[in-house]
Amino acid sequence: MSVVMNLIDGRLVPAASGALSDLIDPSTGQVHARAALSAATDVDAALDAAQRAFEGPWRKTTPGERQRMLLRLADLLERDADRLRALELADTGKTPDAAAGEIASAIDELRFFAGAARMLEGRASAEYVSNHVSMIRREPIGVVAQITPWNYPFMMAVWKIAPALAARNTVVLKPAETTPSSTLALAVLAAEVLPAGVLNVVTGDRETGRALVESPVPQLVSLTGSTRAGTEVARSASSTLKRLHLELGGNAPVLVFADADIDAVADHLVAMSFYNAGQDCTAATRVIVAGEVRESLVAGLRERVRGLRVGGPGSGADVGPLNSHAQLDRVAGIIERLPAHAHVEIGGHRVGETGYFYAPTVVTGLHQDDEAVQTEIFGPVITVQGFSHENEALSFANGVDFGLASSIWTRDHDTALRVSSRLEFGVVWINTHSVMTAEMPHGGYKQSGYGKDLSVYSFEEYTRIKHVMSRVSA
């Protein structure tokens, strides 16, 4: 059985204690590999390597040199895409097309940040005080700690390391406990391109992550995960006043107005609500629809969901498993606790006894304060609420703790722009949902965290600003 080890200072090494954890294939529920269960000793070794690398020649690399390295890494990832996909499938059980799409997107995003490495600049020098010239420098932060989630293990690793490395930082990254395989493979390929210690990966559990966050070495901690995890990281990081970059939970509202193309909405929702088994912080899960077209949309959803196939990577399924038995229990528990006034239109049950599959589900009749509306379900579940006027739709949409992503469906341009300005979400799509591009920022408000992924805004998150003033003789 294969073992996923740490990559520290350019070398594959086991956990110092020799401890291992099991990796479960969620489509079978069986152990398929094991991974190093790292402790504080391993984290310290990785951080020491990152600190040495930052203080070494890496600190003097030019933007062009970093660009060439990142482009070379992107080429290696493209060459090995099939192997990376296989590792992703074993850890996540997602559909092959979803895994392939994740890897292709990550390679494109890495190439974007390779280009961004050559675009970083400070403001032009100028005199603001007589006989003194001021200039602004954007400099790397230093060693950064990064923690990635289990829903998109490979892509989230690239989202984090690409801007950090492009900005000349060094990295210690901890992948999610259940899905480290593709991230470790990424780090091994990076070791062919980057100087030793620039990118380090330590695998492990929450205690591993806690040791990474609480260490005084990292100057920034970047986490993609649940709001609970973000709160814990913020609390741990506060003792050393680390900078934080938190992309946390979402509970995306989908506002469907009466003039929308209901067939197009239903088609898109089924594609984007159940993609990756709904385990997506931007998943289109909370539908808020005008009362006069509500029944038409619900009927369209029922019809389309009925045709979805649930199964593992080799089954030709449309919807794969949930990540773990714990996640399956969580999603099932929310549905089991539905109040009497709610109605399950379709789904609402586990599929099979092997693996962690849950049927695509549509729930209607919910009230705004119900758990299924207020909670990020993170599974293949759509909730549907009706509204009678625009202000009520906005009240429902904004009336949750999250503020990551949202969408508006209408043929009316004025409605789209007016409503988009009032939605309290970091991303608003109009007549589409969950479409992303490397050039545009992704990040939320409220308990969805702060900081941006993707785009030059993400790049800037990994820099610090220095004012340099020089006296000039008169």
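Residues are numbered from 1 along each chain as its sequence is written, and side-chain values use heavy atoms, with hydrogens and water left out. Because the model is predicted, local features need pLDDT of at least 70 and side-chain atom pairs count only at pLDDT 80 or more, whereas totals for chains, interfaces and linings use all residues.

Student: How many aromatic pairs does the count come to?
Tutor: Rings of Phe, Tyr and Trp (its six-membered ring) pair if their centres lie within 6.5 Å, and planes under 30 degrees apart count as stacked, over 60 as edge-to-face and the rest as tilted. By this rule, the number of aromatic pairs is three.

Student: Which kind of pair do the rings of F112 and F113 make?
Tutor: A pair of aromatic rings is described by the distance of the centres and the angle of the planes. For F112 and F113 the centres are 5.1 Å apart and the planes stand at 80°, so the pair is edge-to-face.

Student: Is F257 buried or exposed?
Tutor: Buried means under 20% relative accessible area, exposed over 50%, and partly exposed in between (1.4 Å probe, protein chains only). Since the relative accessibility of F257 is 9%, this residue counts as buried.

Student: Is M469 buried, partly exposed or exposed?
Tutor: M469 is found in strand β23 (residues 463-471). Because its relative accessible area is 41%, M469 is partly exposed.

Student: Which residue stands opposite V129 in β7?
Tutor: Two strands pair if DSSP finds at least two bridges between them, and strand β6 (residues 126-129) pairs with strand β7 (residues 132-140) in the antiparallel sense over two bridges. Within β7, the residue opposite V129 is H132.

Student: Which residue of β23 is the bridge partner of E139?
Tutor: β7 and β23 run antiparallel and are joined by nine bridges. In β23, the partner of E139 is R464.

Terms used
Helix = DSSP H or I, 4+ residues; strand = E, 2+ residues; numbered from the N terminus.
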